[in-house]
Amino acid sequence: MNSLSILLLAVLVASATAFGVYTPVDTSSRVTAPRNGSSGMVMRARICDLLGKRPNRQARVVTFSHKRNKTVQHVNLHKKKYFSDNLGRIVKVRLSTKGIKTVEKYGGIDAAAKKFGMVLTKF
């Protein structure tokens, strides 16, 4: 009986250490992502940064038999790099094709951002 209880105690201790029940957790050396927006894996909505155009979720496709199926009409977004004279650096924005034409119309990203209230320091 004594050897059985010693064997049972040894199995209990081995399973507790194997599954990390009593293992202390080291929280001092955690690696955190930078909070300045420079992380590559940031999920963003498909919205034009300048004009705020969003996908049309009210669209429908009508088939030959006149069935109506829901569909989404996405915005034609492009990643563009512009040089900002105010910031003295390149800003990378996601613009719709109409947003690109708007930037060309106003003569630069700084004037267009001022007109539409866009903060370029985030980009």
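**Terms put to the test**

Reply: Start with burial: buried residues make up 21% of the 123 residues in the chain. This is a predicted model, where local features need pLDDT of at least 70, side-chain atom pairs count only at pLDDT 80 or more, and totals for chains, interfaces and linings use all residues. Residues are numbered from 1 along each chain as its sequence is written, and side-chain values use heavy atoms, with hydrogens and water left out.

Me: Why is Ser84 called buried?

Reply: Buried means under 20% relative accessible area, exposed means over 50%, and partly exposed lies in between (1.4 Å probe, protein chains only). Ser84 has a relative accessible area of 0%, so Ser84 is buried. Ser84 sits in strand β3. Strands are DSSP runs of E, at least two residues; helices are runs of H or I, at least four; both are numbered from the N terminus.

Me: What does Ser84 touch, not counting residues up to four places away in sequence?

Reply: Arg89, Val91, Ile109, Asp110 and Leu120. Contact means heavy atoms within 4.5 Å.

Me: Which helices and strands does the chain have, and in what pattern?

Reply: There are 3 helices and 4 strands. Along the sequence they read α-β-β-β-β-α-α.

Me: How do you know that the buried residues of α2 line one face of the helix?

Reply: Helix α2 covers residues 97-106, and Gly99, Ile100, Thr102 and Val103 are buried there. Seen down the axis of α2, these buried residues fall within an arc of 160°, so they line one face. The arc is that of the directions from the helix axis to the C-beta atoms. An α-helix has 3.6 residues a turn, so residues three or four places apart point the same way. On the other side of α2, Lys98, Lys101, Glu104 and Lys105 are exposed.

Me: What covers the buried residues of α2?

Reply: The cover includes β3 (77-84), β4 (89-96) and α3 (109-116).

Me: What makes Tyr106 and Phe116 an aromatic pair, and of which kind?

Reply: A search of the whole structure finds 1 aromatic pair. Rings of Phe, Tyr and Trp (its six-membered ring) pair if their centres lie within 6.5 Å; planes under 30 degrees apart count as stacked, over 60 as edge-to-face and the rest as tilted. Tyr106 and Phe116 lie 6.2 Å apart, centre to centre, with 90° between the planes, and form an edge-to-face pair. Tyr106 is in helix α2 and Phe116 in helix α3, 10 residues apart. At 31% relative accessibility, Tyr106 counts as partly exposed. Phe116, at 36%, is partly exposed too.
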